[in-house]
Amino acid sequence: MELIDANAHGNVHGGVIMRMVDESAALVAIKHSQSPTVVTARVERFDFLAPAFIGDVVSVHCEMRYVGRTSMEVGVRVVAEDLVTGETRHIASSNVIYVALDEKRKPTPVPPLVPADDEEKAIIERARTRHMRRQKIDEELTQTKD
Ligand SMILES: CC(C)(COP(=O)(O)OP(=O)(O)OC[C@H]1O[C@@H](n2cnc3c(N)ncnc32)[C@H](O)[C@@H]1OP(=O)(O)O)[C@@H](O)C(=O)NCCC(=O)NCCS
């Protein structure tokens, strides 16, 4: 990370990390959907777990966790490495939801997510549970709107 990315104490700004996450996870969504246009619909959570500092090399690890009809949930783990000491730190985690759009900018279906093994099956199942919970909460919020 560079000077411009950080505050006076050398801590990298949260917004810089968030931008890296959104840009990286969007690439995963574009690749899966085979659609050039995906939009960020929701950042479900964003946890900053430890600081990153100027000079750290920050890497963003993404995995597709759930695919609905047109939406995709990408799980993200951000790691900072001090190249001198070799120390690595898990600095942030997030779940970002993207929607693929067609040429008229309408949501368009994406290919299903096929698990390669039982571990991936479990990841998808947990994400499906989150998806259902999210829908229920959204419905409740819509009903209570004035
Ligand atoms: C995201 C967006 C395309 C959804 O449009 P919409 O007309 O509400 O679409 P639909 O109701 O048909 O929903 C389409 C899918 O998106 C999902 N979705 C829509 N809004 C969502 C939200 N806020 N959070 C999570 N999922 C959402 C729906 O669950 C549905 O998923 P599914 O097809 O897998 O079942 C629209 O709200 C939008 O364009 N938002 C702005 C995006 C943007 O500018 N992002 C920042 C820059 S990239």
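Trainee: Which strands each supply at least two residues of the shell around the ligand?

Mentor: Strand S1 (38-48) and strand S4 (88-100) do. S1 gives the most, with four residues. Strands here are DSSP runs of E with at least two residues, helices are runs of H or I with at least four, and both are numbered from the N terminus. This is a predicted model, in which local features need pLDDT of at least 70 and side-chain atom pairs count only at pLDDT 80 or more, while totals for chains, interfaces and linings use all residues. Residues are numbered from 1 along each chain as its sequence is written, and side-chain values use heavy atoms, with hydrogens and water left out.

Trainee: Which residues are around the ligand?

Mentor: Val39, Thr40, Ala41, Arg42, Gly68, Arg69, Thr70, Ser71, Ile97, Val99, Leu101 and Pro107.

Trainee: What lies 2.6 Å from an N or O atom in the side chain of Ser71?

Mentor: An oxygen atom of the ligand. Arg42 has a side-chain N or O atom 2.9 Å from a ligand nitrogen. The protein covers 49% of the 940 Å² of accessible area (Shrake-Rupley method, 1.4 Å probe) that the ligand has on its own.

Trainee: Switching to helix H2, how many residues does it have?

Mentor: H2 (residues 118-144) has 27 residues. From first C-alpha to last it reaches 39 Å, close to the 39 Å expected at 1.5 Å a residue; that expected span is 1.5 Å times one less than the number of residues.

Trainee: Which residues are buried in H2?

Mentor: Ile123, Ile124, Ala127, Arg130, His131 and Arg134. Buried means under 20% relative accessible area, with a 1.4 Å probe and protein chains only.

Trainee: What covers them?

Mentor: The cover includes S1, strand S2 (57-67), strand S3 (71-81) and S4.

Trainee: Last one: what pattern does the chain follow along the sequence?

Mentor: It runs α-β-β-β-β-α, with two helices and four strands. Buried residues make up 36% of its 146 residues.

How values were computed:
Near = heavy atom within 4 Å. Polar contact = N/O pair within 3.5 Å; in protein donor to acceptor, adjacent residues only side chain to side chain. Buried < 20%, exposed > 50% of the residue type's maximum accessible area, 1.4 Å probe, protein only. Contact = heavy atoms within 4.5 Å.
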